[in-house]
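Work through these exercises with the structure open beside you. Try each task before you read its solution.

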Amino acid sequence: MNTPRVCFTALLFGWFTLLSCALEARTLDTIVIDQGGRNPIKIGVVPMRMDATLASMVDPAEIVGNDLTFSGQFAPIARDNMLSMPARPEEVIFRDWRILGAEYVVVGQTAREPTGSLAVTFFLFDVPGQRQIMTQKVTGRADQWRDIAHKVSDLVYEKITGVRGAFSTRIAYVLAQNEGTTRARYSIEMSDADGERSRTIYSSSEPLMSVSWSPDARRIAYVSFETRRPSIVIQDVTTLARERIAAFTGINSAPMFSPDGRQLAMVLSRDGNPEIYLMNLSDRTLRRLTRNPAIDTEPSWSPDGKRIIFTSDRGGKPQVYSLELATNFEERVTFQGDYNARARMLDDGNLVFVHRNAGIFHIAWQDMRRDRVVVLTRTNLDESPSVAPNGAMLMYATQARGKGILGVVSIDGSVKYELPSSSGDVREPAWSPFMEPLAGR
Amino acid sequence: MFTERLTNLIAIALVGLVLTGCAGKKSQPTDAGADTVSAAPTTTPIESAPPADFGADGQPIDPRTGGPLNRTFYFDYDKSDLRPADLAVLEIHAQLLSRNTGKTVVIEGHCDERGTREYNLALGERRANAVKSFLTSAGVAASQIESVSYGEERAEDPGHDESAWSRNRRAIVTYR
């Protein structure tokens, strides 16, 4: 397909990125591995005219350019190649962008409002049509500067593709440091979807795993070994208040919030064998879903909340099954390969899951209707796929250079980038639902 | 598959019984713990100081060598069957626990990194339970045994090759 090429965005986008990395501890790096190729849309994201009092801030155009690049659907034009740097509509010369093959151009400026809040006003142009197709002002507090830029990305992306942008989302993941030593440290980290602005939600000397988000993106559920046995904890990501909600004998694991947020699917082995349960979060009652001497685990919900997709080795090897909640009707849904597990269902009913082929673990996509399996990743030991709320990308965990890193791949497999951490091994990414960080100011 | 597992379990149980029988005929080291006075009616107190069952670290001593008794048992890839070579040592653990009813053990089950984390958590529990089943079928009270799975979360060897993986697929018996 494409010649794999590696470029450090930090080098591309200069000292601003380096500065922000230095200021924000434990930020994930970004390395583009394979940059699209299926005719990405050429777009000019012009450096914004910065208000004098905001000169030390990152140019939002850099953040927007990065976001659009990582989507795989856009190829922003390098700044050095730009023939002009307009910041206002009347300064845009369409010929300058036609020559470069740009289909769209984004220009804008930043300002400090009398109220103290910061604003980005931007204009989106259709170059072949020679017309302005969007004018927006996005405002926020100084600590929301990156949120403002991601919001611009969301608006531009949606205007051009018709699909809601997912750049204002977050990811939660597990960071492991000094693993295998007596100084081992595990933490749940939360960062922007582009890996920036990471912060620690919870830290422990015992392992942590299986992070998942509530549908309102206010809470996460995960498995903690802090009591030296696996138990399920729900934590508020704003107040950081924690509550242990399942600590039965045996395994308490694989929590997944229902789409309406009222129930938590989980795995308990309190009756002697791992089975799938639903916990009603208002009264903590449990409903057992599976009854099988095999391993039943890794429940996830269909987007309509009517079915549970799970992993079972009842047929001898791990395969993905579906259970209809109204009838308890169970059926196997994966058939290619001898190891298919930890499936997530997309809004269109298709699945992504961990798929073993010739001993190698990849992330695969399966069309539910046609039973077509497409392997999306090329690395080994790939696991924990988590789909962006707009369904365009998925994040997963893999190994590179002896370290656990996060990877991102577009759902069509055309774009790949990596998010390693200089702090340790990172894994088990959980992509948040849609959120509006700028709302409710 | 289930019946196969059941058959295995019965086979393990039988081996356990046979070994218990053999051990019973030999001059069995007596209970050293003063706080766990002969719960088993077959043991007869001997005047001379018997060999200690446990070392200073609280972990068991191998009566055959006088050194530490092996507490780590390895498994094949994606399997939770005990290896035949480990059964003799597990039988010694069963005897120790049967005559030291005040002692409890935690059995940790672990996996290598291949496969999904949650599936491995379940597989690790199967491995811990394989050891637990052997011990209980050999006469140890279930209340003396606690099993916990760490899945692939606590690798002994951080490597990413077969030698590391084979060291990580294990169950560890720790005395409390």
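This is a predicted model: local features need pLDDT of at least 70, side-chain atom pairs count only at pLDDT 80 or more; totals for chains, interfaces and linings use all residues.

**Exercise 1. Confidence in chain A**

Task: Find the average pLDDT of chain A, and what share of the residues score at least 70.

Solution. Step 1: the average pLDDT of chain A is 91. Step 2: 92% of the residues score at least 70. Step 3: look at residues 1-25 of chain A, where the pLDDT is below 50. Beyond near neighbours in sequence, this stretch has 27 contacts in the model.

**Exercise 2. The layout of chain B**

Task: How many helices and strands does chain B have, and in what order do the elements run?

Solution. Step 1: count 4 helices and 4 strands in chain B. Step 2: start at the N terminus and read α-β-α-β-α-β-α-β. Step 3: turn to burial. Chain B has 176 residues, and 37% of them are buried. Step 4: take the contacts in chain B between residues at least 6 apart in sequence. Of these, 68% join residues at least 24 apart.

**Exercise 3. A helix pair in chain A**

Task: Describe how helix H3 (residues 60-71) and helix H5 (residues 145-161) of chain A pack.

Solution. Step 1: the axes of H3(A) and H5(A) are 9 Å apart, at an angle of about 50 degrees. Step 2: that angle makes H3(A) oblique to H5(A). Step 3: the crossing is right-handed. Step 4: list some of the residues that meet. Among them are Ile63(A), Val64(A) and Leu68(A) from H3(A), and Ile148(A), Val152(A) and Tyr157(A) from H5(A). Step 5: sort the contact by class. It has 9 nonpolar, 3 polar and 2 charged residues.

**Exercise 4. A helix pair in chain B**

Solution. Step 3: H2(B) passes H3(B) in a right-handed crossing. Step 4: Leu90(B), His93(B), Ala94(B) and Leu97(B) in H2(B) meet Val131(B), Phe134(B) and Leu135(B) in H3(B). Step 5: by class, this contact has 6 nonpolar residues, 1 polar residue and no charged residues.

**Exercise 5. Where the chains touch**

Solution. Step 1: 32 residues of chain A are in contact with 21 residues of chain B. Step 2: strands S11, S15, S19 and S23 of chain A each supply at least two residues of the side that touches chain B. Step 3: that side of chain A has 16 nonpolar, 9 polar and 7 charged residues.

**Exercise 6. Buried or exposed?**

Task: Classify Glu275(A), Gln130(A) and Arg342(A) as buried or exposed.

Solution. Step 1: recall the cut-offs. A residue is buried with 20 or more other C-beta atoms within 10 Å of its own, and exposed with 12 or fewer. Step 2: Glu275(A), in strand S17, has 23 such neighbours, so Glu275(A) is buried. Its contacts beyond four places in sequence include Leu268(A) and Arg288(A). Step 3: Gln130(A) sits in the loop between strands S6 and S7 of chain A. Gln130(A) has 12 neighbours, so it is exposed. Step 4: Arg342(A), in strand S23, has 28 neighbours, so Arg342(A) is buried. Step 5: check phi. Gln130(A) is not a glycine, yet its phi is positive, about 50 degrees. Arg342(A) has a positive phi near 50 degrees.

Note on methods. Residues are numbered from 1 along each chain as its sequence is written. Chains are lettered from A and ligands numbered from 1 in the order in which they are written. Two residues are in contact if their C-beta atoms, placed from the backbone, lie within 7 Å. Axes are lines fitted to C-alpha atoms, for helices over the stretch in contact, and angles run from 0 to 180 degrees between N-to-C directions. Angles under 35 degrees count as roughly parallel, over 145 as roughly antiparallel, 65 to 115 as roughly perpendicular and the rest as oblique. A crossing is left-handed if the near helix is turned anticlockwise from the far one by less than a right angle, and right-handed if clockwise. Ala, Val, Leu, Ile, Met, Phe, Trp, Tyr, Cys and Pro count as nonpolar, Asp, Glu, Lys and Arg as charged, and the others, Gly among them, as polar. pLDDT is the predictor's confidence in each residue, from 0 to 100.
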